[in-house]
Amino acid sequence: MPEDPAMGFATSCTELSQGCARGCDLCSEFNGCLRCSPKLFILLERNDIRQIGICLPSCPLGYFGLRNTDMNKCIKCKIENCESCFSRNFCTKCKEGLYLHKGRCYVTCPEGYSAANGTMECSSPAQCEMSEWGPWGPCSKKRKLCGFKKGNEDRTRRILQAPSGDVSLCPATTEVRRCTVQKSQCPEGKRKKKEEQGKQDNANGNRNRKDTKDAKSGTKKRKSKQRGAAVLTTSASPAQ
C-alpha cells in the first residue's frame, strides 16, 4: 500500500470513492478526506490507529491554520496550556486561570509585569494609559523668554491609569526639547536702549551746544580784534 507523503498516512487507489463529504475533493473510505477544496483547511483527527481527515472553514481551538499552495492544514499548537495559537510556538489564548505573556502561558505574570486592566494578559510597565500630550510651552532660558537665541520648551501629559496603581512604573509625563527664540527685543532691552539712546542724544546735544557757544565766542573775539586793529591804524596816521 503506497504512502501519501502530504498526508502522512496510507491510502489506496481502490479505496478512493466518489461520495466525498461536502468541501472534500478527494477522499478515502478508510482515512476520510485526503484533499479539501480551496480555502478550506484539512484537520487530521486520530481514531485508534487511523487518522481521519475532515475539511473545515477555520481551525478549531488548539490548532492554527497554515496556508499552502498545495493544501491548507490545521496544525496543533505545541505550547503548553495553550488554548489557541497564532503559530506553532506563539499562543494567543491560554487555558482558563493562566496568564498570557509574549506567546506563553504562566501561572502568574513574570516579574516587572502585571495583568492589563482586568484581563489575563501581562502588560509591560511602560504600557500605562496616558493622556494626549499638551501643547508646547514658550521657549525660555533660565526663566527668561527673550534675550537669547537657543532655549528649551516643554509639554506635559497626565497618567490616566497605571498598572496596579503604581504611577512610578509609567513613562515620563514631561517632555523637553531645544528651541530657537524668534527675533524680538525684550521690553526691558527696549527701555534700556531708549535710555541709552536718550543719554547719547543729550550728550550729543550738550556737545553741539558747547561747540555752537565756542564758535560764537570765537567770532566775537575775532570781531573785537578787528575793531582794535582798526583803532590802532587810525591813531597811527600822521596829521595833514
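How many disulfides does a search of the whole structure find? The count is nine. The model shown in these views is predicted.

**Figure 1. The hairpin of strands β6 and β7.** Strand β6 covers residues 41-47 and strand β7 covers residues 50-56. The two strands run antiparallel and are joined by seven bridges. Two residues lie between them in the hairpin. In the turn, D48 has a positive phi of about 60°. N47 is placed opposite R50 of β7.

**Figure 2. Charged side chains over aromatic rings: R50 with F30, and R177 with W136.** R50, the residue that stands opposite N47, is found over the face of F30, 4.8 Å from the centre of the ring. As for pairs between aromatic rings, the structure holds zero.

**Figure 3. Strand β9 beside β6, with N72.** Strand β9 spans residues 72-76. β9 and β6 run parallel, and two bridges join them. N72 lies in β9 and stands opposite F41. Is N72 buried or exposed? N72 counts as buried because its relative accessibility is 8%, and the limit for buried is under 20%. Its side chain reaches the backbone nitrogen of N68 at 3.1 Å. Beyond the neighbours within four places in sequence, the contacts of N72 are K39, L40, F41, I42, L66 and R67.

**Figure 4. The disulfide of C94 and C105.** The sulfur atoms of C94 and C105 are 2.1 Å apart. The torsion about their S-S bond is about -100°, so this disulfide is left-handed. C94 belongs to strand β11 (residues 90-94) and C105 to strand β13 (residues 104-106), so the link ties together parts that are eleven residues apart in sequence. C94 and C105 are both buried.

**Figure 5. The disulfide of C109 and C122.** A distance of 2.0 Å separates the two sulfur atoms. Which hand does the disulfide of C109 and C122 have? The disulfide is left-handed, because the torsion about the S-S bond is about -90°. The pair links distant parts of the chain, 13 residues apart. C109 is in the loop between β13 and β14 (114-115), while C122 is in strand β15 (residues 122-123). C109 and C122 are each buried.

**Figure 6. The disulfide of C139 and C179.** In this link the S to S distance is 1.9 Å. The link is right-handed, with 90° about the S-S bond. C139 is located in the loop between β16 (129-130) and β17 (150-156), and C179 in strand β19 (residues 174-180), so parts that are 40 residues apart in sequence are tied together by the pair. Both cysteines, C139 and C179, are buried.

**Figure 7. N89 in the loop between β10 and β11.** Strand β10 covers residues 82-87. N89 counts as partly exposed because its relative accessibility is 46%. Which residues does N89 touch, not counting residues up to four places away in sequence? They are K78, I79, G103 and R104. Of these, R104 is 15 residues from N89 in sequence, and the C-alpha to C-alpha distance between the two is 8.3 Å.

**Figure 8. K102 in the loop between β12 and β13.** Strand β12 covers residues 99-101. Is K102 buried or exposed? K102 has a relative accessible area of 60% and therefore counts as exposed. With neighbours within four places in sequence left aside, K102 is in contact with F90 and Y113. K102 and F90 are twelve residues apart in sequence, with their C-alpha atoms 7.6 Å apart in space.

Technical notes:
Residues numbered from 1 in each chain as written. Predicted model: local features only at pLDDT ≥ 70, side-chain atom pairs only at ≥ 80, totals over all residues. Heavy atoms only, no water. Phe/Tyr/Trp six-rings, centres within 6.5 Å; stacked < 30°, edge-to-face > 60°. Lys NZ or Arg CZ within 6 Å of the ring centre and 35° of its normal. Pairing = 2+ DSSP bridges. Helix = DSSP H or I, 4+ residues; strand = E, 2+ residues; numbered from the N terminus. Buried < 20%, exposed > 50% of the residue type's maximum accessible area, 1.4 Å probe, protein only. Polar contact = N/O pair within 3.5 Å; in protein donor to acceptor, adjacent residues only side chain to side chain. Contact = heavy atoms within 4.5 Å. Disulfide = S-S within 2.5 Å.
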